[in-house]
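Hi,

Here is the structure I promised to pass on to you. Have a look at it first, and then read my notes below.

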Amino acid sequence: MLSGDASADRVVPPSGFTAHLTLFAAGVMTFLAVFALALSLATGRLAERWGEDLAHASTLRISAPADQLGAQTEAALRVLETTEGVASARALTAAEQQALLAPWFGPDVPLEGLPVPQLIEVVETDDGFDAAGLRLRLATEAPGAVLDDHTRWRRPLVAAATRLKTLGLLSILLIGGATAAMITLAANAALSANAQVIEVLRLVGAQDRYIARAFVRRFTLRTFSGAVVGLAFGVVAILFLPAAQDQAGFLTGLGFQGAQWLWPLLIPPVAAAVAYAATQRAALRVLGALT
């Protein structure tokens with residue numbers, strides 16, 4: 001495949017629209033595949049982070065008159081300290097609650113003049129706690145306490161991220177199929193354009209396997225070259241994407257992290273393998289039709 005045969009290589013036109021089509025298709029599809037892979041891996045990380053962070057965290061919201069808020073907060077903390085499965089519990093400070101409300105109301109929210117509930121952060125152990133039993137205890141000790149274990153909105157978020165990951169993988173498969181289709185069309189065009197040359201080669205004793213190998217090698221190397229160029233442009237584009245930020249974690253950090261940067265390097269060899277299989281099949285079919 002690498003050394004080739006100089007006499008056989010002359011069977012395949014070194015330039016023309018088939019060469020340009022193959023290079024362009026491989027480059028564009030590899031560029032798109034890099035982004036599809038980045039999206040799939042990023043959403044996979046997002047689903048794992050949401051699942052791990054929220055699975056062991058709960059929030060206790062205490063809504064009570066101002067003169068009872070402090071007492072109910074203390075009562076709720078005492079209940080949580082004696083609840084099996086609760087690793088830690090602490091009441092958020094006014095500054096922390098103000099930071100939570102800042103994205104909606106701005107940084108200068110006057111919490112002291114608003115009936116803002118007191119929030120308590122609850123961290124669970126690996127075994128977790130009995131949410132139903134805890135709610136019953138809180139209803140007795142702190143009637144204004146409402147427990148939110150994040151289950152009702154954590155599952156939809158994780159499911160959405162998982163579906164985006166699946167969509168990214170499906171996009172890669174579709175990109176591979178489209179690449180194979182375009183390379184097959186280019187190979188068919190090149191073989192048909194060289195029908196007379198193929199007939200002459202057959203007259204001088206060349207076998208179909210020899211002729212097909214020349215086309216397969218040329219189109220495989222063209223695809224690999226185009227894929228390398230597309231990979232380079234794709235990686236550069238990924239590097240210009242915004243880095244992961246806590247303020248907008250869902251919209252940023254869509255690139256690769258750590259060893260994940262090795263995954264895009266597999267795209268050119270895979271594209272070349274797709275081109276090899278597609279061109280070989282097209283060459284055998286066209287040569288059989290020219291018999």
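Isoleucine 62 stands opposite alanine 145 in strand 4. Keep in mind as you read on that this is a predicted model.

**A nonpolar patch**

Now turn to the surface. Phe24, Val28, Phe31, Leu32, Val229 and Phe233 make up a nonpolar patch there, and together they have about 570 Å² of accessible area. Which elements give two or more residues to the patch? They are helix 2 (17–55) and helix 8. Helix 2 gives the most, with four residues. Phenylalanine 24 sits in helix 2, and it counts as exposed because its relative accessibility is 57%, and the cut-off for exposed is over 50%.

Valine 228, in helix 8 (residues 208–239), is 202 residues away from alanine 26 along the chain, yet their C-alpha atoms are separated by 8.6 Å. Glycine 176, in helix 6 (residues 151–193), is 150 residues from alanine 26 along the chain, and here the C-alpha atoms are separated by 9.6 Å.

Are these two residues buried or exposed, or something in between? Valine 228 has a relative accessible area of 37%, so it is partly exposed. Glycine 176 is at 25%, so it counts as partly exposed too. Partly exposed covers the range between the buried cut-off, under 20%, and the exposed one, over 50%.

Last stop: glutamine 260, which lies in the loop between helix 8 and helix 9 (267–289). Is glutamine 260 buried or exposed? It counts as buried, because its relative accessibility is 17% and buried means under 20%. Leaving aside its neighbours within four places in sequence, glutamine 260 is in contact with Leu41 and Arg45.

How values were computed:
Residues numbered from 1 in each chain as written. Predicted model: local features only at pLDDT ≥ 70, side-chain atom pairs only at ≥ 80, totals over all residues. Heavy atoms only, no water. Buried < 20%, exposed > 50% of the residue type's maximum accessible area, 1.4 Å probe, protein only. Pairing = 2+ DSSP bridges. Patch = residues over 30% accessible without salt bridge, like charges linked within 9 Å, V, L, I, M, F, W, Y side chains within 5 Å. Areas by Shrake-Rupley, 256 points an atom, 1.4 Å probe, with all protein chains shown as cover. Salt bridge = Lys/Arg side-chain N within 4 Å of Asp/Glu carboxyl O. Contact = heavy atoms within 4.5 Å.
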